[in-house]
Amino acid sequence: MTRYSFGTITAMLTVIAWRNVWRNHRRTLIMLGAIAVGVWAMIWLTAIMRGMVDQMITDSIKNLIAHVQIHAPAYRDDPSIANSMPAPSDSLQQALQDPAIQTWSTRVRVPAVISSERESAGVTLVGISPLREREMLFLAGAVTDGRYLQSPRDDGVIIGAKLAERLETRLGWRIVIMSQDPDNDIVDRGFRVVGIFDTEMEATETSYVFTGLQSAQEFLKMGSQVSELAVLTNDYRHEQPIVDKLRDAAPDLEVLPWQEIDKYLATMLNVVEGFVWVWFIVVFIAMSFGLVNTLLMAVFERTREIGLIQALGMKPRLILLQVLIESFFLLSVGLVFGNLLSWLSIIPIQDGWDISALGVEGLEYAGMSTMLYPVVQASDVILSNVVVIVLGLIASLYPAWRAARHVPVEAITRI
Amino acid sequence: MGINLTLAWRNLWRHPRRTGLTLAAIVFSDVLLVWMIALQLGQYDMMIDNTLQSFTGHVQIQAHGYLDNPQMRRTVPDAIELAAHIRQELHNTNSHTEAKINAHVSARAMGFALVSSEKRSYGAQIAGVQPQYEPQVSVIPGLIQQGRYLSGPDREEAVIGSVMARNLKAGIGDELTLLGSGKDGSFAAAVVPIVGIYESGNTELDRQLVQLPLRYFQDVFSMRGSAHSIVVTATSHEQTQNLTARLRNLIHDDNLDVVNWERLQPGLKQAIQADFSTAWLMYGVLVALVAFSVLNTFLMSVLERTREFGIMLALGVTPGKVGRLVWTESFFMAVTGMLFGIAAGAAFTTYFVIHGFSYPGMEELASKFNLPDRFYPALNSVSLLLGPGVIFIATLLAALWPATRIHLLKPVEAMQAV
């Protein structure tokens, strides 16, 4: 009797397994369909979820959060003018030259009261350097009426559309802003409305009023003091080294990354990480029932055949191996289709997908935009494929073990 | 008929393992759907009730246009008297046609002022409330951390939120100066002592709201007896529709609107809708995967019995009858799966109804929507039956195709099949 090497046997088993897979093409196709839909659901839904959260973070970062903020230590608990800080020191300026920093800017940010002839409202007055904020702040792209601020000396104000409606004021009209100077005295001054901005979130429109940085400093009699220094890095996921560097450069100030400024956002990011895993496992379990069933059927209908080859001297572990190879083929072909399906379903929406057309409402309330940009992360695609292959093979151990366990004589005589 | 049912049931169990696995797939998805939907509904109930009870109430009566543009001069005239009248009417429901509604009513006026302590000034919302009725429509009076709540309708006193107290660097007994403008545009000013500080946990609320007794508010802001809203709160948001209808019958003034919470808090309704529509995507995938599993099982069960069906057809059983047999089998499978699914889903979910459900990071997410850090699923007929029902239908639909294959069988060929 010729003795074959393990390699040769495996090669033979592989051919047999591949043919076995297609002995019942209908059943195989349905199973492939199930695997493909499962993998598609894993990849596509994860890309959508990630896209939503990414969008949320990008939007929020532009909504006066930025990647890193520097304040006087007491400012966050009590955001008043008394807790302002001096303009950045030389060592801080030096640290801000880091190539990982895209841009930075100082801001005045204090509570104020805005009044028209008819109405008053509580707002936050924000003094900015308009050119430096172009990339960092949503405002430049959101002015729908009038103009954006021109320089830190610009003493016009830009207010939200909803606030303009509440105050019954409009472009070109004057409003009065009232706040406090560092000596606790009330200061007030008339400003001309030079721009109206429109955002998806109503709260932003009613809460913020923008003017030039120096104009705000003069109005509030605060000299060159500022409330906040905002930093935009190259990547919101890797701002920690910059935070450390800035902390060293400004030891008496509070340097915070966005995760600590908006804990909700940071948590959201973590919850999505967790959700990806839970979702993969759930989809896999729902899918695995079908997989195990299909393989069990494939093994049962071949009881006689398996008995025969065992009687002819095939070792049980090789039968086990053969069923596992069949399962591997099923899984990998299913994965190919699943990945293809995901790719096909993401291509048409990769430049943005307006989900308001689907009747999905209320995203604004949750701080999300209605334009969705799916984010396909290589790690998610790899993870979903690995989960399906590895757990799929583990689940196939049961049918494979059943096949290998047949007693040859009984199996042959069974019809 | 009896023999058909017996046959179908026995056919189903010819492959106990296969049937068992398919049932397991159905039960797994059922349990997951029951649990997820119950959790979702529970979360919505909590979101709605918590948000509304904190301040908004279920229904408000407001001047026409106030909702879109909450301005000082859009008022409800003689609000205190109107509130008393509505309170009376709602309590006195003795007619047989109208169900009794257990509701609380309180009038409120809202204004804006620059609030100053000795050290600091902030702009803030000022609410004039009825101290004797406000505790029934809002949770704020119950959240007083220091001092006490307002004690009488015309007392000159104020309660403020904890964040505002911190920012103003003011405490109980300190005086606040309010500067604003009255309803008629006149200058409104007052000096009031702080008698209480509340803490709701919602930073915005704790930062922005000052409460004064309504009559005192009316004096300061020249309201001449008017207010801005009459807040009505029922025991649960499910009574909103009923309540709105009752109030519409009671109000005969064209200048007044009865506004329910869905319009008062459009964001809340929308957040729920957004959440629900994204969740359906996940449910759809689960249902589709189960359907594939069932489809495969029945296709196998039909294919492997080609000979058997051939013989039955040759013996004169009509294809329709054989088709019905297969259909009955799938029906049994679907029903069994559903029953086990509902039972297991109910058992699994009940655990969380008792102990609550939480996940890492939920505290931060929940506080943004004013929720407690633990959810309790709402186990009711909707959450219990919706998911299993959809899977039941999907299962039956998936079994249709294999059953129709029988009509294509030719008896002689079929009998020769291996």
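Before noting any distance between domains, I recorded that the domain bounds come from an automatic or database domain assignment. I also kept in mind that this is a predicted model.

Domains. I looked up the division of chain A and found domain 1 (6-60 + 266-413) and domain 2 (73-252). Taken over C-alpha atoms, the centres of domain 1 of chain A and domain 2 of chain A are separated by 51 Å.

Chain contact. I then turned to the two chains, where 52 residues of chain A are in contact with 50 residues of chain B. On the side of chain A that touches chain B, at least two residues each come from α2 (25-65), β2 (101-115), β3 (120-128), α6 (161-167), β6 (174-180) and α11 (263-300) of chain A. Which of these gives the most? I noted that α11(A) does, with 18 residues. Sorted by class, this side of chain A has 28 nonpolar, 14 polar and 10 charged residues.

Helix packing. I next followed α2(A), which packs with helix α13 (residues 316-346) of chain A at an angle of about 45 degrees, the axes being 7 Å apart. I recorded the crossing of α2(A) and α13(A) as right-handed. Among the residues that meet are Trp40(A), Ile43(A) and Trp44(A) in α2(A), and Phe337(A), Gly338(A) and Leu341(A) in α13(A).

Note on methods. Residues are numbered from 1 along each chain as its sequence is written. Chains are lettered from A and ligands numbered from 1 in the order in which they are written. This is a predicted model: local features need pLDDT of at least 70, side-chain atom pairs count only at pLDDT 80 or more; totals for chains, interfaces and linings use all residues. Two residues are in contact if their C-beta atoms, placed from the backbone, lie within 7 Å. Helices (H or I, at least four residues) and strands (E, at least two) are DSSP runs, numbered from the N terminus. Ala, Val, Leu, Ile, Met, Phe, Trp, Tyr, Cys and Pro count as nonpolar, Asp, Glu, Lys and Arg as charged, and the others, Gly among them, as polar. Axes are lines fitted to C-alpha atoms, for helices over the stretch in contact, and angles run from 0 to 180 degrees between N-to-C directions. A crossing is left-handed if the near helix is turned anticlockwise from the far one by less than a right angle, and right-handed if clockwise.
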